[in-house]
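Here are a few friendly notes to read alongside the model. Keep the 3D view open and look up each residue as you go.

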Amino acid sequence: MTIMADAPVAATRPPLPRRPVPHEKTPDRPTPSNPRPHPRRAYTGRHDDRAARQLLDALYREHASMVVATAVRALHPDDRDMADDIAQDAWLAAWQHLLRGDELRRPAGFLATAARRGAFAHYRLARVRREQVTDYTDDLAVNRLARLIGAAA
């Protein structure tokens, strides 16, 4: 009878290679000489944002009606009341873009795209929110579902 402690010990595996840290200096991964923050990183410091405010004000005076019209065109006729909210989200995206220090080369295109994407995002969220699970063994749930279908028809 052999005892497990008397059995020869299997050789251990060699250690796995170490994954380099993203900012670690290695010969094959030199650190850039002029590191810049990531363009999508959130704004964390305080700075003078007067220039960004003036630019956003000028953009609003010039493109406000276009942003609302783009949002209206992207929405279904039943949801036209959401146009102002979607336009406001587009202006918020522009403000955040300016606060990061990014340049708006084509502000009309940026704002129109933000409005269209806001409308699409609204419908993606609405589709998820409107789905409801119904237990067909529950008489109250079936009656409620019948009322909803009858009201929609």
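1. Let's start with a term: a nonpolar core is a set of buried Ala, Val, Leu, Ile, Met, Phe, Trp, Tyr and Cys residues joined through side-chain atoms within 4.5 Å. Buried means under 20% relative accessible area, exposed means over 50%, and partly exposed lies in between (1.4 Å probe, protein chains only). The largest such core here has 23 residues, and Leu-56, Val-67, Leu-75 and Trp-91 touch the most other members. Two or more residues come from each of α1 (50-74), α2 and α3 (107-130). The biggest giver is α2, with nine residues. In soluble globular proteins, nonpolar side chains tend to be buried together.

2. Before going on, a word on the source. This is a predicted model, where local features need pLDDT of at least 70 and side-chain atom pairs count only at pLDDT 80 or more, while totals for chains, interfaces and linings use all residues. Residues are numbered from 1 along each chain as its sequence is written, and side-chain values use heavy atoms, leaving out hydrogens and water.

3. How many helices and strands does the protein have? There are four helices and zero strands, where helices (H or I, at least four residues) and strands (E, at least two) are DSSP runs numbered from the N terminus. Of the protein's 153 residues, 22% count as buried.

4. Take a look at Leu-99, which sits in helix α2. Leu-99 counts as buried because its relative accessibility is 19%.

5. Now for the charges. A salt bridge is a side-chain nitrogen of Lys or Arg within 4 Å of a carboxyl oxygen of Asp or Glu, and the whole structure has three. One joins Asp-57 and Arg-61, with the closest N and O atoms 2.9 Å apart. Both lie in helix α1, four residues apart, about one turn of the helix. Asp-57 is partly exposed at 40% relative accessible area, whereas Arg-61 counts as exposed at 62%.

6. Another salt bridge links the side chains of Asp-49 and Arg-53 (3.4 Å, N to O). Is Asp-49 buried or exposed? Asp-49 is buried, with a relative accessible area of 18%.

7. Asp-102 and Arg-100 also form a salt bridge, their closest N and O atoms being 3.3 Å apart. Asp-102 counts as partly exposed at 25% relative accessibility, and Arg-100 is partly exposed too, at 31%.
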